[in-house]
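Hi,

Here is the structure I promised to pass on. Have a look at it first, and then read my notes below.

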Amino acid sequence: MASPSGLQSGLSRQLFEIWCSDKKNACVIPGNVVEGTLTKTIINEPKEVTLMNGITASLNMQNCQSVEMYFNYEKRLAEKTPEVGETVSGLLVKKMFTYQIMAPDDLHVFSQLSTENISQRITIAYTCAFGVLEHRLKQILESVESLPNEESEGPPFRVHERLTVKYESEKHISLHWRSDPISGMVSDSVVALVLNISREIPKVVVESEEATKTEEENNKKAEKVIHALLVSLFGDVKFGENGKLVISVDGNVAHLDNKQSGNVESENEGLKERVRVAFQRIQNAVKPISLSVS
């Protein structure tokens, strides 16, 4: 390999003088050649060349043979030519006076830059039932997926495939996510919801007793949780006659029988349906989880 390409000096020149007489060897000249250099001389296919010590040596190498080199790696963004008006997403890299758009995975291949992933974790004070948090998140966000149980009070769950919520102790939960703009917004939303739940839902303090709790006591605790969740959803929720809940929204009133049938009465069909669906979801969330928190 001629380096420098002129073969005027250096180790490549010394090796050339040793090997040039053997026809088994070849000289690869990358790039252009300059007049007056050894590489320009051997391209003209002379039979002899003059060495640095002044001695003439025969040149038996076959010259002027082109060499083609193939590279399997292709830029990811170059695999498909974008159509007119199509959005291309990538990193804009400037080198000297040229600009290139490349995929993040190609950055370390076609430049001297590299990328790193930053994992973030935050621990938040939370004393309510862990299942209530998952239920509230499912009401607000589209994608909330439960993960395999890790021997904790409640199984962890993933939000929008970006953020993981884990139960740490009776007083704390933790959020885990990989740092990027979208995951940051998701984490901010979850943190705000956790803080609101801790402020809105009353704490149900359960004292340790040897005797089994009666069904009536459990129903009272369930009613408190249901009432608190309805307040967080609709705002104005009061206890009416016969234990029914009176829900007022923008001048419209709905009566919910939360103790027996669960029927909803309201002249406004939209409010009636919203209350019915919300009550059904709350019941499904409250029944399978433990209402005891400390």
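Let me start with a term: I call something a salt bridge when a side-chain nitrogen of Lys or Arg is within 4 Å of a carboxyl oxygen of Asp or Glu. Keep in mind that this is a predicted model, where local features need pLDDT of at least 70 and side-chain atom pairs count only at pLDDT 80 or more, while totals for chains, interfaces and linings use all residues. Residues are numbered from 1 along each chain as its sequence is written, and side-chain values use heavy atoms, with hydrogens and water left out.

**Salt bridges**

By that rule there are six salt bridges. One of them joins the side chains of Lys138 and Glu134, at 3.4 Å from N to O. Both residues sit in helix α4 (residues 130-140), four residues apart, which is about one turn of the helix. (Helices are DSSP runs of H or I with at least four residues, strands are runs of E with at least two, and both are numbered from the N terminus.) Are the two partners buried or exposed? Taking buried as under 20% relative accessible area, exposed as over 50% and partly exposed as in between (1.4 Å probe, protein chains only), Lys138 is partly exposed at 45%, whereas Glu134 is buried at 12%.

Another salt bridge brings Glu168 and Arg121 together, at 3.5 Å from N to O. Glu168 belongs to strand β8 (residues 163-169) and Arg121 to strand β5 (residues 119-125), so this pair ties together parts that are 47 residues apart in sequence. Glu168 is partly exposed, with a relative accessible area of 37%.

Arg162 and Asp180 also form one, at 3.3 Å from N to O. This pair links distant parts of the chain, 18 residues apart: Arg162 is in the loop between β7 (157-159) and β8, and Asp180 is in the loop between β9 (172-178) and α5 (181-200). Arg162 is partly exposed at 31%, and Asp180 is partly exposed too, at 27%.

**The five-stranded sheet**

Several of those strands turn up again here. Five strands make an open sheet in the order β5-β9-β8-β7-β6, with antiparallel pairing; two strands count as paired if DSSP finds at least two bridges between them. At the edges are β5 and β6 (144-146), each with a single partner strand, so one side of each has no neighbour in the sheet. On average, neighbouring strands are turned by 25° against each other, direction ignored. (Axes are lines fitted to C-alpha atoms, for helices over the stretch in contact, and angles run from 0 to 180 degrees between N-to-C directions.)

β5 and β9 run antiparallel and are joined by seven bridges; Ala125 has His172 in β9 as its bridge partner. Helix α4 packs on this sheet, touching β6, β7, β8 and β9, and its direction makes about 30° with that of β7. Contact here means heavy atoms within 4.5 Å.

**The other strands**

There is also an open sheet of four strands, in the order β10-β11-β12-β13, again with antiparallel pairing. Its edge strands are β10 (236-239) and β13 (264-266), each pairing on one side only. The twist averages 20° from one strand to the next. In this sheet, β11 (residues 245-249) and β12 (residues 252-256) are joined by five bridges, and Ile247 has Ala254 as its partner in β12.

Then there is the hairpin of β3 and β4, with two residues between the strands; Met96 in the turn has a positive phi of about 60°. β3 (residues 91-95) and β4 (residues 98-102) pair in the antiparallel sense over five bridges, and Val93 is partnered with Gln100 in β4.

**Helix α1**

Which residues of α1 (residues 11-19) are buried? They are Ser12, Arg13, Phe16 and Glu17. Seen down the helix axis, the buried residues fall within an arc of 135°, so they line one face of α1; the arc is that of the directions from the helix axis to the C-beta atoms. The face turned away from that side carries the exposed residues Leu11 and Ile18. What covers the buried residues includes α2 (38-43) and β1 (48-50).

**Confidence**

The protein chain averages a pLDDT of 77, and 79% of the residues score at least 70. (pLDDT is the predictor's confidence in each residue, from 0 to 100.) Over residues 203-212 the pLDDT is below 50, and this stretch has ten contacts in the model beyond near neighbours in sequence. Residues 289-294 also stay under 50, and there the model has 19 contacts beyond four places in sequence.

Cheers
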